[in-house]
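Keep it short, and group the points by topic.

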Amino acid sequence: MAGRINDDDVKVVRDAVPIDTVVSEYLQLRPAGGGNMKGLCPFHDEKSPSFQVSPSKGLFHCFGCQEGGDTIAFVMKIDHLSFSETVERLAAKAGITLRYEEGGYNPTHQRGERIRLVEAHKAAADFYVEQLGGEEAAIGRKFLAERGFDQSAAEHFGVGYSPAGWDHLTRFLRGKGFSDKELLLAGLSQDGRRGPIDRFRGRLMWPIRDISGEVVGFGARKLRDDDNGPKYLNTPDTAIYKKSQVLYGVDLAKKDIAKASRAVVVEGYTDVMACHLAGITTAIATCGTAFGTDHIKILRRLLMDNGSARVIFTFDGDAAGQKAALRAFEDDQKFAAETYIAIAPDGMDPCELRLNKGDAAVQDLVEPRTPLFEFAIRQIVSRYDLETPAGRASALDEAGPIVARIKNGASQHEVAVQLAGILGILDTQFVVKRVAQMARWARDRGGRGPAGPASSSSSSASSSASSSSSSYDSGQSPALSGPALNLRSPAHRTERELLKLALQRPELVSPAFDAYGVDEFTAPPYAAVRRAIEDAGGAEQGMASAPEYLAGVREAAPNDAVRALVTELAVEVFHGKTIDEAYAGEQLVRVRLRAVDLRIHDVTSTLARLGTGADHERHQAVQNELWVLQQYRQSLRNSGAAAL
């Protein structure tokens with residue numbers, strides 16, 4: 001085996017690579033006073049910077065998650081490397097030759113797996129670049145030229161070509177000392193009938209680099225009609241490449257993104273090239289996957305997540321592009337930055353736009369004009385007939401929650417006014433108040449939106465209650481999130497008491513409790529416990545064996561936080577002096593009454609929006625539902641638990 005890295009060499013490496021230089025490859029740092037730097041922690045999600053770096057001490061520490069250490073510890077943590085792999089990487093960066101205690105220099109084949117995979121990709125990238133100049137690659141050079149990219153552009157982005165033969169790269173890398181196992185693990189080769197063959201053959205190759213600049217994968221574009229593969233073929237997920245965690249071009253764009261507090265998200269490799277060559281050096285793209293949470297984390301660290309930062313999405317104007325834009329909006333609230341959308345005229349992407357209209361047109365395209373939320377609203381509203389009151393009401397019901405999600409209160413009010421104009425609703429204040437109400441509902445429900453209990457109209461209050469109760473259960477497992485619980489809130493206190501009864505004294509609340517839906521518990525943590533009880537078979541299970549029942553509920557909990565809350569509720573004392581059927585019935589009725597009241601409020605609002613000109617059948621159905629709910633509420637108040 002190779003020996004341990006010489007201690008003196010470790011110290012030399014640690015001193016030679018400034019910690020702020022290394023950390024800055026992953027997130028934006030700003031002065032924090034006293035010679036320290038600060039930024040958003042890369043190890044946990046946070047809204048304000050609690051991650052600090054001391055260049056003079058060579059240390060970092062996060063006051064939020066308590067991670068800390070020196071340069072080596074940082075790289076080990078963020079890139080999931082071993083100690084020796086980290087020292088070897090930093091040594092290579094600083095040009096330091098390492099000594100090993102037992103057996104001299106470390107043989108190449110004995111290095112850590114990640115280091116070997118990265119080295120294989122670097123060698124492959126160099127091989128592909130060299131092949132681009134050959135006769136066979138003329139079709140690739142033509143492809144680039146037709147899109148406005150010359151040789152210098154190809155060199156700047158490291159574009160290459162994979163030969164059409166079966167194993168050109170595989171044989172080349174074997175000659176460099178890489179084993180077949182390493183080539184398969186790297187995703188550069190794949191199993192063939194007679195051994196490993198090249199994964200990429202006869203394609204134009206884009207190296208995909210991580211934020212530190214190391215090649216971790218490739219994007220390959222087919223060039224020939226006889227290639228039966230997909231238009232773009234990417235490296236499969238490997239130990240060093242996860243497509244959902246990589247942004248193409250981020251190694252080139254990261255400094256300008258941090259400096260300008262702006263990022264432009266495009267759809268493809270050629271779009272990134274076109275933007276950068278047109279002077280938009282903050283452009284990046286996903287690698288064959290939708291823009292998602294992990295991509296947001298990368299950008300948030302670079303943008304420092306301040307409110308003045310901007311993220312501009314460019315999507316094709318076709319249906320797929322519009323769908324991608326709406327999908328991006330789903331994650332909009334994870335940014336503190338303002339998000340915008342830019343769609344080129346005639347549905348052109350940035351590459352086509354540069355080719356047809358020049359660099360200035362690309363620069364003009366990405367100047368923010370349409371906020372992403374406004375685009376999302378107009379896409380939703382376009383699906384409704386705004387000529388009818390019912391159409392306007394339905395459009396408001398779907399678009400209103402989007403406006404309610406806008407972070408800034410003043411902006412939310414302004415956009416609500418705009419929404420009223422888009423919908424053609426003359427009573428602007430009604431829309432403003434409705435949006436504010438939706439925002440309150442979302443906050444009360446931990447961001448889940450105004451999902452009130454729903455019941456179908458029927459001939460009896462009991463069938464209405466049954467339908468209503470079942471519809472409280474959305475089939476989703478509520479997140480243990482949202483505002484801190486206020487035990488002074490009658491609703492939350494009653495919900496807590498009812499859950500304690502279901503866990504400690506299930507015989508007092510069964511079988512009525514098991515008919516209660518998850519959404520009847522308005523505090524998200526309590527809804528999560530209700531779900532766990534349901535998944536464990538219901539409170540009725542607790543009437544047989546309490547220990548097994550509680551163990552089942554704990555096991556059904558989706559995470560440690562919910563599991564801990566189940567334990568807490570199972571041992572907490574009750575507030576009532578006498579815990580009997582009367583006390584249990586009182587809690588059951590209070591929780592159900594609140595749910596019915598919330599539903600009545602929703603149905604009343606719907607009825608008011610419909611007006612007298614609405615479709616008669618729909619208007620009658622809503623009126624019937626309201627009448628049934630009102631009768632059921634009165635029955636609960638008069639008869640208590642007997643009405644359940």
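## A serine in a loop

Ser 261 is buried, because its relative accessibility is 11%, under the 20% cut-off. This is a predicted model.

**Ser 261 and its surroundings**
- Ser 261 belongs to the loop that runs between α10 (250-260) and β13 (262-266).
- Its phi is near 55 degrees. That is a positive value in a residue other than glycine.

**The six-stranded sheet**
- β13 is one of six strands in an open sheet. The order is β12-β14-β13-β15-β16-β17, and the pairing is mixed.
- The edges are β12 (247-248) and β17. Each has a single partner strand, so one side of each has no neighbour in the sheet.
- Strand β16 (residues 338-342) is largely enclosed by the rest of the structure, because four of its five residues are buried.
- On one side, β16 pairs with strand β15 (residues 310-314). The sense is parallel, and there are five bridges.
- Phe 313 has Ile 341 of β16 as its bridge partner.
- β16 also pairs with strand β17 (residues 370-371).
- Tyr 340 stands opposite Pro 371 in β17, and Ile 341 has Thr 370 of β17 as its bridge partner.

**Helices**
- Helix α16 spans residues 372-381. It is mostly covered, with eight of its ten residues buried.
- The buried residues of α16 include Leu 372, Phe 373, Phe 375 and Ala 376. Ile 377, Gln 379, Ile 380 and Val 381 are buried as well.
- Helix α17 (residues 389-404) packs with helix α18 (residues 409-423). The angle is about 160 degrees, and the axes are 11 Å apart.
- That angle makes α17 roughly antiparallel to α18, since the cut-off for this class is over 145 degrees.
- The crossing of α17 past α18 is right-handed.

**The five-stranded sheet**
- A five-stranded open sheet has the order β1-β2-β3-β4-β5. Its pairing is antiparallel.
- β1 (30-33) and β5 (68-70) are the edge strands. Each has a single partner strand, so one side of each is left without a neighbour in the sheet.
- On average, neighbouring strands of this sheet are turned by 25 degrees against each other, direction ignored.
- Strand β2 (residues 36-39) pairs with strand β3 (residues 51-54) over three bridges, in the antiparallel sense.
- Within this pairing, Lys 38 stands opposite Gln 52 in β3.

**Aromatic rings**
- How many aromatic pairs does a search of the whole structure find? The count is 17.
- One of them joins Phe 43 and Phe 51. Their ring centres are 6.4 Å apart, with 65 degrees between the planes. The pair is edge-to-face, because the planes are over 60 degrees apart.
- Phe 51 is buried, because its relative accessibility is 0%.
- Ring pairs also link Phe 43 and Phe 51 into a cluster with Tyr 26, Phe 60 and Phe 74.

**Charges over rings**
- Lys 77 lies over the face of Phe 43, 5.7 Å from the ring centre.
- Elsewhere in the chain, the charged end of Arg 592 sits over the ring of Tyr 516. The distance to the ring centre is 4.3 Å.

- Which bond joins Ser 510 and Pro 511? A cis peptide bond does, with omega about 5 degrees.
- Pro 511 lies in the loop between α22 (506-509) and α23 (524-535).
- Arg 209 is part of strand β9 (residues 203-209).
- Is Arg 209 buried or partly exposed? Arg 209 counts as partly exposed, because its relative accessibility is 23%.
- Arg 209 and Tyr 241 are 32 residues apart along the chain. Their C-alpha atoms are separated by 9.3 Å.

Notes
Residues are numbered from 1 along each chain as its sequence is written. This is a predicted model: local features need pLDDT of at least 70, side-chain atom pairs count only at pLDDT 80 or more; totals for chains, interfaces and linings use all residues. Side-chain values use heavy atoms; hydrogens and water are left out. Rings of Phe, Tyr and Trp (its six-membered ring) pair if their centres lie within 6.5 Å; planes under 30 degrees apart count as stacked, over 60 as edge-to-face and the rest as tilted. Buried means under 20% relative accessible area, exposed over 50%, partly exposed in between (1.4 Å probe, protein chains only). A charge sits over a ring if NZ of Lys or CZ of Arg is within 6 Å of the ring centre and within 35 degrees of the ring normal. Helices (H or I, at least four residues) and strands (E, at least two) are DSSP runs, numbered from the N terminus. Two strands pair if DSSP finds at least two bridges between them. Axes are lines fitted to C-alpha atoms, for helices over the stretch in contact, and angles run from 0 to 180 degrees between N-to-C directions. Angles under 35 degrees count as roughly parallel, over 145 as roughly antiparallel, 65 to 115 as roughly perpendicular and the rest as oblique. A crossing is left-handed if the near helix is turned anticlockwise from the far one by less than a right angle, and right-handed if clockwise.
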